[in-house]
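This report describes one structure, from the whole chain down to single residues. Please keep the sequence and the 3D view at hand while reading.

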Amino acid sequence: MAREVNLRQIEAFKAVIETGTVSGGAELLNMSQPAMSQLIAHLELDSGLKLFDRIKGRLVPTERGMRLYEEIGRIFAGVRQVQNALDAIRREEQSVLTIGVMPALASSLIPQTLPAFMKGSGNVFCSVQQLSSQWILDRLVARKLDIGLVGAGFDNPYVITEPLMEHPLVCIMPKDHPLTAKSVIGPDDLQDVPFVTLHPDTNIGRRVQDMFKHYKMQPQTVAIVNIAPTLTECVAAGLGVSLVHPLSVTGSSGRIAVRRFEPEILYYFQLCRIPDARNAKIINAFAEQLQLAAAEVSRSLWIGG
């Protein structure tokens, strides 16, 4: 007569299926191979089902064995959901900070800010979301974000903004480009030169375009992109030269050359928050740490020339 199986037998069965061998399952569960074989044998005996065929010394799951494995998979998925629920309940006891960041800052400024902030802020859980500047403002107003980092030129009457890291744009180019012989690049140097530009809908893209019109110069535009990380990767790959905020260079500095550009085109980012946020103390602490990190990054930025 079939008897009730136990959890250890189920764990052993699942381990053998997923590793493909008794020895692999034993290693996964940190037990001896004979103990694993015994668990499998008892599972078949207690369930009254033949779960494996023995073929040349190996266990091959039968059709019934695979049906059982599918059911076990659903059960363990439910266990994982319980664990996720437990984690969520624990986080309710934590202070939560949701941060929206534009792509240009996602891999540079935020990683330098979070460690020091979390170390000094106690029981805080941070959620970082990489979004476009307009989406960040919209989610701040909807209270789906606590604080945001956006580009210049974006605003909302319900959002408080403050400038962050104002620097002149720099000219970036492949390391073997002829213009690396110059210490300062001007509009004349870019006439008919392959050029990668940010989309004219962006603040930088529009201002660079206006500058070329003012000086009646025209580079050879070979690509238009909408985010700075993609632009710097295109330049590093040899597609052309470009003008960017120097912070965009930090992740690719070893693969591109950087030169000062004149006349200066100043650009800054913006730190955004709503005035009556529910966790203002945490937001202010993060903003303070962000300003410190921004100041450190500003000191370390190298502008060729």
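## Burial and surface

Of the 305 residues of the chain, 43% count as buried, where buried means under 20% relative accessible area, exposed means over 50%, and partly exposed lies in between (1.4 Å probe, protein chains only). The chain exposes about 16600 Å², and carbon and sulfur atoms supply 53% of that area. Accessible areas come from the Shrake-Rupley method with a 1.4 Å probe, and for residues only the protein chains shown count as cover.

This is a predicted model, in which local features need pLDDT of at least 70 and side-chain atom pairs count only at pLDDT 80 or more, while totals for chains, interfaces and linings use all residues. Residues are numbered from 1 along each chain as its sequence is written, and side-chain values use heavy atoms, with hydrogens and water left out.

## Overall form

The chain has ten helices and 13 strands; helices (H or I, at least four residues) and strands (E, at least two) are DSSP runs, numbered from the N terminus. The radius of gyration of the chain is 29 Å, whereas a compact globule of 305 residues would have one near 19 Å. That radius is taken over C-alpha atoms, and the globule rule is 2.2 Å times the number of residues to the power 0.38. Along the principal axes, the C-alpha trace spans about 90 × 50 × 30 Å.

Contact means heavy atoms within 4.5 Å. Among contacts between residues at least 6 apart in sequence, 73% join residues at least 24 apart.

## Charges

There are 30 positive and 30 negative side chains in the chain, and the centres of the two sets lie 4 Å apart. Lys and Arg count as positive and Asp and Glu as negative, while His and the chain ends are not counted. The place of a charge is taken as NZ of Lys, CZ of Arg, CG of Asp or CD of Glu.

## Cysteines

The structure holds zero disulfides, a disulfide being a pair of cysteine sulfur atoms within 2.5 Å. For Cys234, the closest cysteine sulfur is in Cys171, 15 Å away, which is too far for a bond. Cys234 is buried, at 18% relative accessibility.

Cys272 is also too far from a partner for a bond, because its closest cysteine sulfur, in Cys126, is 18 Å away. With a relative accessible area of 0%, Cys272 is buried.

## Backbone features in loops

Glu262 and Pro263 are joined by a cis peptide bond, with omega about 10°. Pro263 sits in the loop between β12 (256–261) and β13 (266–273).

Asn30 is not a glycine, yet it has a positive phi of about 60°. Asn30 belongs to the loop between α2 (22–28) and α3 (33–47) and is exposed at 72% relative accessibility. Asp192, another residue other than glycine, has a positive phi near 65°. The loop between β8 (184–185) and β9 (194–198) holds Asp192, which is exposed at 53% relative accessibility.

Leu190 is placed in the loop between β8 and β9. At 1% relative accessibility, Leu190 is buried. Leaving aside neighbours within four places in sequence, its contacts are Cys171, Leu179, Ile185, Phe195, Phe212, Gln218, Pro219, Val241 and Phe261. Leu190 and Cys171 are 19 residues apart in sequence, and their C-alpha atoms are 9.9 Å apart in space.

Gly238 lies in the loop between α9 (228–236) and β11 (242–244) and is partly exposed, at 46% relative accessibility.

## Met173 in strand β7

Which strand holds Met173? Met173 lies in strand β7, residues 170–174, and is buried at 0% relative accessibility. The C-alpha atoms of Met173 and Ile256 are separated by 5.7 Å, while the two residues are 83 apart along the chain.
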